Number of protein chains: 2
Amino acid sequence: MEAGARLFSERDVGGVSVREICGAAGTGINMIHHYFGSKDGLLDAIIAQFDVSAFETPLRLLQMPARSGDDLSARLELVFATTLEACLRQREVLLIALRVQRNMATLIAFHEAFVSFLEGAIEDGLVRRTLDPEMISGLILDRVINQVAYADWIKNVKGIDVAEDEAYRQRWCRANVDLLLHGLLKP
Amino acid sequence: MEAGARLFSERDVGGVSVREICGAAGTGINMIHHYFGSKDGLLDAIIAQFDVSAFETPLRLLQMPARSGDDLSARLELVFATTLEACLRQREVLLIALRVQRNMATLIAFHEAFVSFLEGAIEDGLVRRTLDPEMISGLILDRVINQVAYADWIKNVKGIDVAEDEAYRQRWCRANVDLLLHGLLKP
């Protein structure tokens, strides 16, 4: 599975052969057939890894309603940070899942949890009622996923290593939450 | 170039042969060598298409300083809409550029224009001074690019065709600008 994840994250599934995966894993050529049925079965097993527990922490953070503006702010900062960390930790599997756009139950669960969280905060009078949670539910994921998917490009252009530079991640999460809560306009 | 763009947008460059491109284009096998030197030369020519004029309109919209909050709001809505349209129009080339993460001068130009625009609006007292433009410069591109890159997935999950559904795009642009300007919190 490790060898498959590495190869599938670098190239299209179609361009990676069973022979190559077994070679990289140092196993016999029919082990994939034996354990996973086929190359596609191995792919499913790899993607399923991302689904099990990747977003456990951010999902739990979104389950409890926010009690105040300060709570909302602290909570969203943690949601950004833990989602980014989860995506960095499972970078290869995430890249494969995004590429084949299959079985993205974790991402859907995140969207749904975020929409419910915002709807709760609207009900509680913390968040503006004119907001359209459905239309902005992807914002955090768009931001986080692209920090991981384009990490090499960010390194080349800005010289910043997202995975290694904790200070950058913290500043990035804070700036996102600040904008998300207060918007651009001067009050 | 059309045949190459289609094939490169569907699969890794390494998985597409010169013979295949020429076959799809209905030309002789040595035409790529003749006009572009190599497969990589063809790839560069395809990516360069995106760089020339794709973001001309949004870049021009970001050049003039915003005169008021209403102007800022209208301007950002147009920036979202025209950037999204440009990306949809050049979907194949964008997907290739994102995949090979090379020669992304257009995206860098957009980032720089957006940061200058925000810095100008901060100077003019329209936008909060505590904002960190560098940290949020990717927000519009992250949102727009993912609407295009994951269009198939959005169609499968939400049943929405981003390219065809103008009403959805309008609602999406407006919701993004509303959030961007005013934030989540109830005043």
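1. Helix 6 (residues 69-89) and helix 10 (residues 139-149) of chain A, in this predicted model, have axes that come within 9 Å and cross at roughly 35 degrees. Axes here are lines fitted to C-alpha atoms, for helices over the stretch in contact, with angles running from 0 to 180 degrees between N-to-C directions. The crossing of these two helices is right-handed, a term used if the near helix is turned clockwise from the far one by less than a right angle.

2. The residues that make this contact (heavy atoms within 4.5 Å) include A:Leu76, A:Val79 and A:Phe80 of helix 6 of chain A, and A:Ile140, A:Leu141 and A:Arg143 of helix 10 of chain A. By class, the contact of helix 6 with helix 10 of chain A has 10 nonpolar residues, two polar and one charged. Ala, Val, Leu, Ile, Met, Phe, Trp, Tyr, Cys and Pro count as nonpolar, Asp, Glu, Lys and Arg as charged, and the others, Gly among them, as polar.

3. Chain A has 12 helices and zero strands; helices (H or I, at least four residues) and strands (E, at least two) are DSSP runs, numbered from the N terminus. The C-alpha trace of chain A spans about 65 × 35 × 20 Å along its principal axes.

4. Between the chains, 50 residues of chain B meet 50 residues of chain A. The buried area is about 4800 Å², with 58% given by carbon and sulfur atoms; this is the accessible area (1.4 Å probe) that two parts lose on being put together, summed over both. In chain B, the residues losing the most area to chain A are B:Arg128, B:Met135 and B:Leu184, together 18% of what that side buries.

5. Eight salt bridges join chain B and chain A, each a side-chain nitrogen of Lys or Arg within 4 Å of a carboxyl oxygen of Asp or Glu. One of them pairs A:Asp132 with B:Arg171, with the closest N and O atoms 3.1 Å apart. Over all chains, the whole structure holds 24 salt bridges.

6. B:Arg128 also forms a salt bridge with A:Asp178 (3.2 Å, N to O). This pair links the loop between helix 8 and helix 9 of chain B, where B:Arg128 lies, to helix 12 (residues 166-182) of chain A, which holds A:Asp178.

7. Residues are numbered from 1 along each chain as its sequence is written, and chains are lettered from A in the order in which they are written. Local features need pLDDT of at least 70, side-chain atom pairs count only at pLDDT 80 or more, totals for chains, interfaces and linings use all residues, and side-chain values use heavy atoms, with hydrogens and water left out.
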